[in-house]
Amino acid sequence: MQCTAFQLISLVAKAVGVVAAVLLARGIVWLVNLLLVAPWLDPLRNLPGPNGSAFQSHFDEVDDPDITPKIYHDWTTQFGKTFRFHGFGRHDYRLMSFDFRVVSHVLTSPTYQKPWQTRAYLARLLGRGVFNMEGAEHRAMRKLIAPVFTAQAVKGVAPIFFQKADELRDCWDALIANSSAFESSSTTFDVAHWISRTTFDIFGLAGFNYHFKALHDESEEVYSAYRRMFAISDKASLLRVYKQLYLPIIEKICPDEDDRITQRCLKIIRECGMGLIQTKRRAAVDDEKADLQSEEKDILSLLMKSNLSSDPSNRMSETELLDQLTSFLFAGSDTTALATTWCLHFLSIHPEIQKRLRAEIVSCGSDAAATSKRNSTTSMSSTSQADRIDSLPFLDAVLRETLRVCPPVHGTLRVATADDLIPISSPVVLRDGTVIHETEHVRIRKGSAVHIPLEGINMSEDIWGSDARQFNPDRWTSLPASAHPPIFPGLANVMSFSLGRAACPGYRFALLEAKVVLATILPHFMFSPAEGVEIGKYNSVVTKPFVRGQLQSGGIQLPLNVTRCVD
């Protein structure tokens, strides 16, 4: 019996040894292929680009908006418009291009998709919304949500823009009045935080008729949960980011305190969202049965109508509706807040531009700020007022220039799902001196990553001239010929809303909201830089402002000196 047991143990040990040997062998083969064979056969290997040691990464140079304008200028000067750089090391070649033909091909072709890691990460935080879908599912969802963001639909919620812009103005008036310097008509505070609260309130009402009331009290449960969740994301270490992207299972098996907080926040957000959806669904069904036309114009109500009118086999479930709303909440509040915040930053350091813009708003025929408060409760007058604000030429130029110089999304990534030939419009000189001409193609293999430098293309000297990195709204009155051919959705000539299949569907909403807020506050306040403060750019999904030397202690902020305008 003992002999039999010993033999059994011996057999098990041998089996384990064989399995371990096989796994080790496969691991060695995989590693050799990853580090030696695959890079040697990669067609991107022969492209020009920055060099580095075996495991040197260029992610810092590519992703840090504080340094990328200079890095991109140096790289394009040295290597041309299309080149490769190192991802996780020399074995991980990645394509980058400032050639619009390359960019257009990658962003419009179904061959290229967002990386699964990025889509999985966003799905955990925001649900499976339209922004992280691909293929037929993405096309069907875009078609379903299209009626929600038409020009008419956006104007339908314009009264909310005015209402919350007026509340922001009143809050700032009170803040100045209550400052310690009672004789002063100015004070310094974090403008970014206030703008963020405003856009969150706007989207709460315009998105699903929900009152966050963040401008007056930041204790509302859903708002607080959302802010806690993204505060963790903003301060995440590189190790934590890699863990979330490549080993998300760790959060479930061995969560840390930040993981537990994030999960609690998600639970709060999703429970509230599901309650709203169920209430709206019952109301929409009742209206349909009674053949009523509901006057509700919030995005959720419109989405419900669009959903009910579609083919039953293509209708969204409650979970899918919730995923769209949480995605829109992020894209519709944070990105618009950042566009408005960065605009105030540029106006603060360019007082002459700020003065011109204020004069245009005040003298626009019907003083936008002076009349917005009494008009904000009347849909028709608000729509008319929104049209006037939307047509102000210098306001339009200032916002365009802000989004050109500082797009909320710094860059985007795509992965080739098949071998492909990418057309080019500028020659590429390979490392051996061979030239790929305009009539030829750049080869890329399945699995290779393509980085689209949205900010970099926006500030390309080939398109905008030698002053491409300068903030100059007047350039929009006489665009160079090179800036005319690329026409992008919602904001001609810049990449700020991307293009192609993944172009932002809510660009009209974002642009009008930002214009109304700016047109409401600028006639009442003057903005100047806070004393002794230098502002930097920080990339955390979107590009955010911070005070240099205070990112860890102070987080995301834009302190400005705000002064009441003298009538």
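How many cavities of 30 Å³ or more does the count come to? The count comes to seven, a cavity being a set of points on a 1 Å grid over the protein atoms alone where a 1.4 Å probe fits but cannot get out. The model is predicted, so local features need pLDDT of at least 70 and side-chain atom pairs count only at pLDDT 80 or more, while totals for chains, interfaces and linings use all residues. Residues are numbered from 1 along each chain as its sequence is written, and side-chain values use heavy atoms, with hydrogens and water left out.

The second largest cavity holds about 110 Å³ of space. Its lining (residues with an atom within 4 Å of a point) includes Phe208, Val222, Cys272 and Leu325. Helices α13 (257-289) and α15 (318-349) are the elements that give two or more residues to this lining. By class, the lining has nine nonpolar, two polar and no charged residues.

The second largest pocket, with about 460 Å³ of space, is an open set with protein on both sides within 12 Å along at least five of seven lines. Of its 20 lining residues, His193, Ser196, Arg227, Asp234 and Ile556 lie nearest its centre. The largest share of the lining, five residues, comes from α10. Eight nonpolar, five polar and seven charged residues make up this lining.

Side chains of opposite charge can pair when their charged atoms come close. A search of the whole structure finds 26 salt bridges, each a side-chain nitrogen of Lys or Arg within 4 Å of a carboxyl oxygen of Asp or Glu. In one of them, aspartate 42 meets arginine 445 at 3.6 Å, N to O. Aspartate 42 lies in the loop between α1 and α2 (59-63) and arginine 445 in the loop between β9 (441-444) and β10 (449-452), so this pair ties together parts that are 403 residues apart in sequence. Aspartate 42 is buried, with a relative accessible area of 3%, whereas arginine 445 is partly exposed at 25%; buried means under 20%, exposed over 50%, and partly exposed in between (1.4 Å probe, protein chains only).

Another salt bridge joins aspartate 66 to arginine 548, with the closest N and O atoms 2.3 Å apart. This pair links loops 482 residues apart, one between α2 and α3 (68-79) and the other between β13 and α23 (551-554). Lysine 537 and glutamate 455 also meet in a salt bridge, at 3.9 Å, N to O. Here the link runs from strand β12 (residues 535-540) to helix α20 (residues 454-458), and both residues are buried.

Technical notes: Points joined across faces, edges and corners; volume = space filled by probe spheres on them. Helix = DSSP H or I, 4+ residues; strand = E, 2+ residues; numbered from the N terminus. Nonpolar A, V, L, I, M, F, W, Y, C, P; charged D, E, K, R; others polar.
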